[in-house]
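Have a look at the structure first, then read on.

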Amino acid sequence: MTRFLALLLFSALAVTASAKKPEVYGPEPTMANVSYGPNERHVLDFWKAESDKPTPVAFYIHGGAWRGRDKIDARAWLDIQSLLDADISVVTISYRLLKHAEEVEPFVKAPMEDSARALQFVRSKAEEWNLDKERIGVAGVSAGGCTALWLAYHDDMADPDSADPVERESTRVHCVAVGQAQTSLDPEEVREWMPLAEYGAHAFNKKTLDEVIAEGDKVKPWIAKYSPAALLSKDDPPTMLSYGREAPFPDPRKGGFLLCHSAAYGVGLQQRCEELGVSCKLVYGKKKGGEPFALLSDFLIEALKQ
């Protein structure tokens, strides 16, 4: 299959995946469609854990290649009831997609910085919603996992001098748990891990990774600012990476964009974490006991309740 045909097929699959609604589990949110910004996509759902003490927070960012889906995905990928039973409140957000931010350069700035704003907004509600600001765990799947890792590894984006009280809040988190995540947006690094990879160019307003590489000096500052692996440092929080199945490393398989969920992403990042002394757990599997996806929830409960 040529790269052109592969890209056409990827676009068709992305539209189909975005249109498909996930199976929904768990209770209804305490508050739905709470606005955290000016765009119609700047909304979140909040489940409040009943507790006499401020509760930790599980903060979820949905997947969909930054092209589709919304905050409802958390109800298929998180075991929300188990989190609430462990006295952990839950937040899930929507954010601007490619079709809402085509003029943003690089495009990935929109979903990532929206997510940072949502996290700061949640922290600004700590007293009102009975939340523990110091125990927020961020989670996500696929592109949402990439964004979650970006948040976890980025230096604090709080602006203490801002006139907006939300912007004064910290963006640092206690832990991060992701599923099937793209851990790097650096095309050269991705090609080292998966020589035939083709996913991720749209993050930088391009159609192919070759185009991203060809941009050279223009794109490198974007990679340094938005690729999770590039931001990783020794003071970053405990990380859990989950993938459906193991993969060789490097992953030589054909498939181009079909490698967008390869566990090679996880192996590559785990090696970097080990070099820096960052706790990083790499696991495989999807479901536990026939219940909703539980790997992310189990890790969040363990890390946030320590």
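A residue counts as buried when its relative accessible area is under 20%, as exposed when that value is over 50%, and as partly exposed in between. With a relative accessibility of 30%, D87 therefore falls in the partly exposed class. Please keep in mind that this is a predicted model.

- In soluble globular proteins, nonpolar side chains tend to be buried together.
- Here, the largest nonpolar core holds 74 residues, and L44, F59, W66, I93, V138 and F204 are the ones with the most contacts inside it.
- Helix α6 (residues 143-153) supplies the largest share of this core, namely eight residues.
- Setting aside residues up to four places away in sequence, V138 touches F59, I61, A148, L151, A152, V173, C175, V176, A177 and L300.
- Another core, of 25 residues, lies apart from the largest one, and A76, W77, I80 and C175 are among its members.

**Positive phi values**
- Most residues other than glycine have a negative phi, and most peptide bonds are trans.
- D87 has a positive phi, near 65 degrees, and sits in the loop between α3 (80-85) and β4.
- N205 also has a positive phi, near 65 degrees, and belongs to the loop between α7 (187-193) and α8 (209-215).
- N205 counts as partly exposed because its relative accessibility is 33%.

**Cis peptide bonds**
- Going from E105 to P106, the peptide bond is cis, with omega near -10 degrees; P106 is in the loop between β4 (89-93) and α4 (109-124).
- The bond from F249 to P250 is cis too, with omega near -5 degrees, and P250 is in the loop between β7 (239-243) and α11 (264-276).

Methods: Residues numbered from 1 in each chain as written. Predicted model: local features only at pLDDT ≥ 70, side-chain atom pairs only at ≥ 80, totals over all residues. Heavy atoms only, no water. Core = buried A, V, L, I, M, F, W, Y, C linked by side-chain atoms within 4.5 Å. Buried < 20%, exposed > 50% of the residue type's maximum accessible area, 1.4 Å probe, protein only. Helix = DSSP H or I, 4+ residues; strand = E, 2+ residues; numbered from the N terminus. Contact = heavy atoms within 4.5 Å.
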